[in-house]
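Have the viewer open and follow along.

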Amino acid sequence: MKYNFDVLKRGLPIIVFHVSMLNRTLQKEFCEVLGFFSTLLVFVPFFDFSTFSPCGKAFVSVLLIILGVGLYAYLWVRANRIQKVKFRINNSQIIVRYGDIFQCDGWKVIPFNEYFDTVVDDVVISQNSLHGIFLSQYADSEKLSEVLLTIKKQKKLSRQNKRCPFPLGTIVPYEGYFLLAFSRFDENNRANLSMLDYWQCLLNFWNEADIAYAGKDIHIPLIGSGITRFDRPLNPQDLLELLIVSFKTSGWQISHGSTINIVLSPRVRDQINLFRLKEFFNGL
């Protein structure tokens, strides 16, 4: 899957209306804004509706209805065009936004397979995946091989079919990156993962990140949204919500001043409802 950021750079996001006009959270937000302005009018001394003529009352009533409809339409469009949401979980700041993970400051999480393969051959590793882009454009192959060899010796990994798989969720810190052991490969070189393995991988990842992050921000892509096959259907919204819930389940509380950033590729924009995250995760 190719990560294309051209649409984001042009500033022309495609609007897909995930949020219904009858959404309860949207209605609540509208009532709060309406209540605020109604309260202001109460304290405006010269605005006495009872002194208006019948025509004046009709005009003001129609005007208020038009303004109310316009306000609701604005809030509805804004809810569907939302580009970033912030909320707190485990007393930690979570930010979900669209962007290019390679341009972020802090730890950048790059999913690898369980063997940490480093040859971009478009068979095991696609050159258009985050894994492939990282190896082709950002990694020094010799330094990376040395780091991986050292980690293998430290962990004393057991061999399987003449290779040493890392436990899923293992992270290898490398020059500002957290390289993540994420997927398994079958005999046909297809990346696959069961839901149980996926969940355990996320929990292991949060645990290892807690040990290694050293107070820096962490930037995570939508893990699993590439070519990985799961044993049940999962769309990008499912993956995003599972990622957030796994952080809640982990119990990890990131240090004050640091943030967990989930960086989404613009290619999944029409499959993600960020307003839904505000509804579900505020206050968790």
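## Ground rules

A residue is called buried when its relative accessible area is under 20%, exposed when over 50%, and partly exposed in between, using a 1.4 Å probe and protein chains only. This is a predicted model, in which local features need pLDDT of at least 70 and side-chain atom pairs count only at pLDDT 80 or more, while totals for chains, interfaces and linings use all residues. Residues are numbered from 1 along each chain as its sequence is written, and side-chain values use heavy atoms, with hydrogens and water left out.

Helices (H or I, at least four residues) and strands (E, at least two) are DSSP runs, numbered from the N terminus.

## Aromatic contacts

Rings of Phe, Tyr and Trp (its six-membered ring) pair if their centres lie within 6.5 Å; planes under 30 degrees apart are stacked, over 60 edge-to-face, and the rest tilted. The whole structure holds 15 aromatic pairs. One of them is the edge-to-face pair of Phe134 and Tyr174, at 6.1 Å centre to centre with 90 degrees between the planes. Phe134 belongs to helix 4 (residues 130-137) and Tyr174 to strand 4 (residues 171-174), so this pair ties together parts 40 residues apart in sequence. Both Phe134 and Tyr174 are buried.

Phe205 and Trp206 make a tilted pair, 4.9 Å centre to centre and 55 degrees between the planes. Phe205 has 0% relative accessibility, and Trp206 is buried too, at 1%.

## Strand 5 and its partners

Which strands flank strand 5? Two strands pair if DSSP finds at least two bridges between them. Strand 3 (residues 107-113) runs parallel to strand 5, joined by six bridges, and Lys108 stands opposite Tyr177 of strand 5. Strand 4 is antiparallel to strand 5, with four bridges, and there Pro173 faces Phe178 in strand 5. Strand 6 (residues 191-193) is also antiparallel to strand 5, through two bridges.

Strand 5 (residues 177-185) is largely enclosed by the rest of the structure, because seven of its nine residues are buried.

## Helix 8

Leu274, Phe275, Leu277 and Phe281 are the buried residues of helix 8 (residues 274-281). They lie on the same side of helix 8 because they cover an arc of only 155 degrees around the axis, taken from the directions from the helix axis to the C-beta atoms.
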